[in-house]
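Student: I have a model open and want to learn how to read its features. Can we go through them one at a time?

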Amino acid sequence: MAQRSYPGLEQAFEKWRSLAPRERRLIVAALAIVFVAVVYLMFFEPAWKGRTSLLRDLPGMRAQLAKMESLALEARDLGAVPDRLQSQSAIRGQLERSLQAAGLQALATIEVRGDRIELRFARVGFGAWLDWLELAIRETRARVVDLSANRDPSPGFVAVRMAIELPGAGKP
């Protein structure tokens, strides 16, 4: 069998053998430095930058996770509320109880008109009314379809006329 000949490789070995031992050590040291630099740039530095980036972003990601978990819990709680059509009288009773609990029953008048319940407040504290409205909508699952709020001459008070549509009303 004939041996293959590699002229370029043979010339490189010939050149290597002709170098002085000191020159060989310098070339080996230079190649070692280049090898270490390549390993550092390809493996260590990207890993280090990725680690510091993750450490910087982790608190924000944890806050987002906590918010998503609370929203998922709220969605699950909302899904647990039965989605049945409630009678007007049942919703009116819920509204009256929530008005009483908020201390607004004396300030409100309630009328049932078709599939809507109309409420009127002659003079009510805006903050108290807004807190009551949020709670009432959440409890009854009804929705506000008409709202008119006029500023009262006294600071912080309003006159409100609103219509609430029963849950499921208006859906095909």
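Student: Let me start with a single side chain. Which residues does W132 touch, leaving out those up to four places away in sequence?

Tutor: This is a predicted model. With contact meaning heavy atoms within 4.5 Å, W132 touches L95, S98, L99, A102, L104, L119, F121 and M162.

Student: Which residues of the largest nonpolar core touch the most other members?

Tutor: That core has 20 residues. L95, L99, L119, F121, W129, W132 and M162 touch the most other members. The elements that give two or more residues to this core are α3, β1 (108-113), β2, α4 and β4.

Student: Now the helix α4. What span should its 15 residues have?

Tutor: Take 1.5 Å a residue. For α4, residues 126-140, that predicts 21 Å. The end C-alpha atoms are 21 Å apart, which agrees.

Student: Which residues of α4 are buried?

Tutor: W129, W132, L133, A136 and T140 are buried in α4. Seen down the helix axis, the buried residues of α4 fall within an arc of 105 degrees, so they line one face. The general idea is this: an α-helix has 3.6 residues a turn, so residues three or four places apart point the same way.

Student: And which residues are exposed on the other side of α4?

Tutor: D131, E134 and R138 are exposed there.

Student: What do the buried residues of α4 pack against?

Tutor: Their partners are α3 (88-102), β2 (116-125), β3 (143-151) and β4 (157-165).

Student: Let me turn to α3. How does its span compare with 1.5 Å a residue?

Tutor: The 15 residues of α3 should span 21 Å, and the end C-alpha atoms are 21 Å apart, so the two agree. The buried residues of α3 are I91, G93, L95, S98 and L99. These pack against β1, β2, α4 and β4.

Student: What follows α3?

Tutor: G103 comes after α3, with a positive phi near 75 degrees.

Student: Back to α4 and its end. Is T140 buried or exposed?

Tutor: T140 lies in helix α4. It is buried, with a relative accessible area of 3%. A polar atom of the T140 side chain lies 2.8 Å from the backbone oxygen of A136.

Student: Which residue follows α4?

Tutor: R141 does. Check its phi against the general rule. Most residues other than glycine have a negative phi. R141 is not glycine, yet its phi is positive, near 60 degrees. R141 is found in the loop between α4 and β3. At 34% relative accessibility, R141 counts as partly exposed.

Student: On to charged pairs. How many salt bridges does the structure hold?

Tutor: The structure holds 12 salt bridges. The test is a side-chain nitrogen of Lys or Arg within 4 Å of a carboxyl oxygen of Asp or Glu. Ask next where each partner sits.

Student: Which residue forms a salt bridge with R138?

Tutor: E74 does, and the closest N and O atoms are 4.0 Å apart. R138 lies in helix α4 and E74 in helix α2, so the pair ties together parts that are 64 residues apart in sequence. E74 is partly exposed, with a relative accessible area of 37%.

Student: What of E165 and R143?

Tutor: Their side chains meet in a salt bridge of 2.7 Å, N to O. This pair also links distant parts of the chain: E165 is in strand β4, R143 is in strand β3, and they are 22 residues apart. E165 is buried, with a relative accessible area of 7%.

Student: And where do R56 and D57 stand?

Tutor: The side chains of R56 and D57 form a salt bridge at 3.6 Å, N to O. R56 counts as exposed at 59% relative accessibility. D57 is partly exposed at 30%.

Student: Which residues are linked in a network of salt bridges?

Tutor: E111, R113, E118 and R120 are.

Student: One last reading. How far apart are D77 and K15?

Tutor: Compare sequence with space. D77 and K15 are 62 residues apart in sequence, and 80 Å apart in space, C-alpha to C-alpha. D77 has its place in helix α2, residues 21-80. With a relative accessible area of 46%, D77 is partly exposed.

Key: Residues are numbered from 1 along each chain as its sequence is written. This is a predicted model: local features need pLDDT of at least 70, side-chain atom pairs count only at pLDDT 80 or more; totals for chains, interfaces and linings use all residues. Side-chain values use heavy atoms; hydrogens and water are left out. Helices (H or I, at least four residues) and strands (E, at least two) are DSSP runs, numbered from the N terminus. The expected span of a helix is 1.5 Å times one less than its number of residues. Buried means under 20% relative accessible area, exposed over 50%, partly exposed in between (1.4 Å probe, protein chains only). The arc is that of the directions from the helix axis to the C-beta atoms. A polar contact is a pair of N or O atoms within 3.5 Å; within protein, one must be able to donate a hydrogen and the other to accept it, and residues adjacent in sequence count only if both atoms are side-chain atoms. A nonpolar core is a set of buried Ala, Val, Leu, Ile, Met, Phe, Trp, Tyr and Cys residues joined through side-chain atoms within 4.5 Å.
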